[in-house]
Amino acid sequence: MPELPEVETVVRDLRPLAVGRIIRAVRSGKKKLRTPWKPAWNARIAGMRIEGIRRRGKWIIVELASPNLSPLGRARRSDAASIGTAGEGRLGDSTDDPSPGLRTASAVRKPPSPQREEGSLRLLVHLGMTGRFSTVAHEPAAHRHLVLTLDDGAEIHFFDPRRFGSITLHESETDLQKHFQRMRLGPEPLDLRLVPFCVAVINTTRNLKAILLDQQIVAGLGNIYVNESCHLAKVHPSRRGNTLTQSECRRLVQSIKDVIRKAIQRRGTTLADEGYLGGGFQKRLRAYDRAGQPCRGCSTSLIERIVISGRATYFCPTCQPR
Ligand SMILES: [Zn+2]
């Protein structure tokens with residue numbers, strides 16, 4: 001299941017292909033996604049220019065504007081990839097260090113001006129469990145939910161065999177922000193602030209695993225990176241929030257940031273698959289899915305596996321005492 005680093009990797013792979021391009025044709029599949037794509041939306045997005053692609057939590061946001069109103073249309077750049085860093089607070093994809101861009105996306109981003117709102121739309125994509133983008137028609141048509149043909153002839157396919165993913169259309173940036181507010185999406189992991197995070201943790205009797213999986217506490221973490229963060233912070237994931245000390249909370253915040261930064265640098269944990277966007281290198285994980293193998297922290301104990309809140313949980317009994 002894709003988590004923040006995997007989604008960020010997809011965003012970075014999509015950007016150079018799609019940003020600056022006009023959508024020439026749209027085809028949608030017949031089977032319904034978790035939140036169904038409306039066939040009427042095909043005509044709404046055809047003819048729009050892709051202004052930018054960014055991420056929030058595990059969500060992908062595709063910014064669309066009418067070509068005659070689009071800032072890119074007025075000042076078109078030859079290098080589509082460089083557009084990512086132009087304009088207001090856009091995520092940069094040319095740097096090796098992901099953190100400045102990641103911060104920009106959620107924190108420094110200016111609200112759109114009224115002129116930008118006019119004629120602009122947003123596509124909001126969630127990959128669910130098996131959602132993937134590809135430039136070629138890899139999978140059976142039944143698994144293909146949306147195909148965008150761009151003005152350079154390239155095609156972007158969205159597949160989702162298990163259909164837990166979704167693509168929805170939002171009328172404006174404001175509309176999208178309201179949507180995020182309604183779901184009370186928490187801060188990005190790299191923007192996590194110590195005091196509000198500690199207050200949230202210490203004031204609950206829920207276990208750490210459940211706290212960190214809660215997208216309202218921190219956006220974008222899933223089972224893999226919660227296991228990894230707890231191992232690096234040396235705290236047991238079954239500990240109740242109200243039993244954590246201030247220094248443990250501090251370690252946890254630092255560990256979450258370290259784990260996420262490294263994972264983005266390694267392009268997530270999914271295996272590379274030719275033709276698909278996203279994916280990357282072999283797993284290089286500390287705890288997740290390593291039951292019975294030596295702990296990378298103490299190298300004396302073996303990683304153990306238990307189930308907490310219905311999810312597989314990996315920990316080192318020495319480094320992460322209960
Ligand atoms: Zn250990």
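Predicted model: local features only at pLDDT ≥ 70, side-chain atom pairs only at ≥ 80, totals over all residues.
Strands of a sheet pair through backbone hydrogen bonds, and the pairing can be either parallel or antiparallel. In this model, four strands in the order S2-S3-S4-S8 form an open sheet, and their pairing is antiparallel. Strand S2 (49-56) and strand S8 (166-170) stand at the edges with a single partner strand each, so one side of each has no neighbour in the sheet. From one strand to the next, the twist averages 20°. Strand S4 (residues 120-126) is joined to S8 by five bridges, the two strands running antiparallel, and Leu124 stands opposite Thr168 in S8.

| Helix | Strands it lies across | Angle |
|---|---|---|
| H1 (residues 4-18) | S2 and S3 (59-65) | about 170° to S2 |
| H6 (residues 173-182) | S2, S3, S4 and S8 | about 35° to S4 |

**Helices H9 and H10**

Two packed helices are described by the angle between their axes and by the distance between those axes. For helix H9 (residues 223-233) and helix H10 (residues 246-265), the angle is about 125° and the axes are 8 Å apart. On the H9 side, Tyr225, Glu228, Ser229, Leu232 and Ala233 take part in the contact, and they meet residues of H10 including Arg251, Leu252, Ser255 and Ile256. Sorted by class, the contact of H9 with H10 has eight nonpolar, two polar and three charged residues.

Helix H9 is largely enclosed by the rest of the structure, because 10 of its 11 residues are buried. Among these buried residues are Ile224, Val226, Cys230 and His231, and the buried residues of H9 pack against helix H8 (208-213), H10 and strand S10 (311-315). Just after H9, Lys234 takes a positive phi of about 60°.

**Residue Ile308**

Ile308 is in strand S9 (residues 304-308). A residue counts as buried if 20 or more other C-beta atoms lie within 10 Å of its own, and as exposed if 12 or fewer do; Ile308 has 18 within 10 Å, and so Ile308 is partly exposed. Leaving aside residues up to four places away in sequence, Ile308 touches Asn207, Lys209, Pro237, Ser238 and Thr313. The C-alpha atoms of Ile308 and Ala210 are separated by 8.3 Å, although these residues are 98 residues apart along the chain.

Notes:
Residues numbered from 1 in each chain as written. Contact = placed C-beta atoms within 7 Å. Axes fitted to C-alpha atoms, helices over the stretch in contact; angles between N-to-C directions. Nonpolar A, V, L, I, M, F, W, Y, C, P; charged D, E, K, R; others polar. Pairing = 2+ DSSP bridges.
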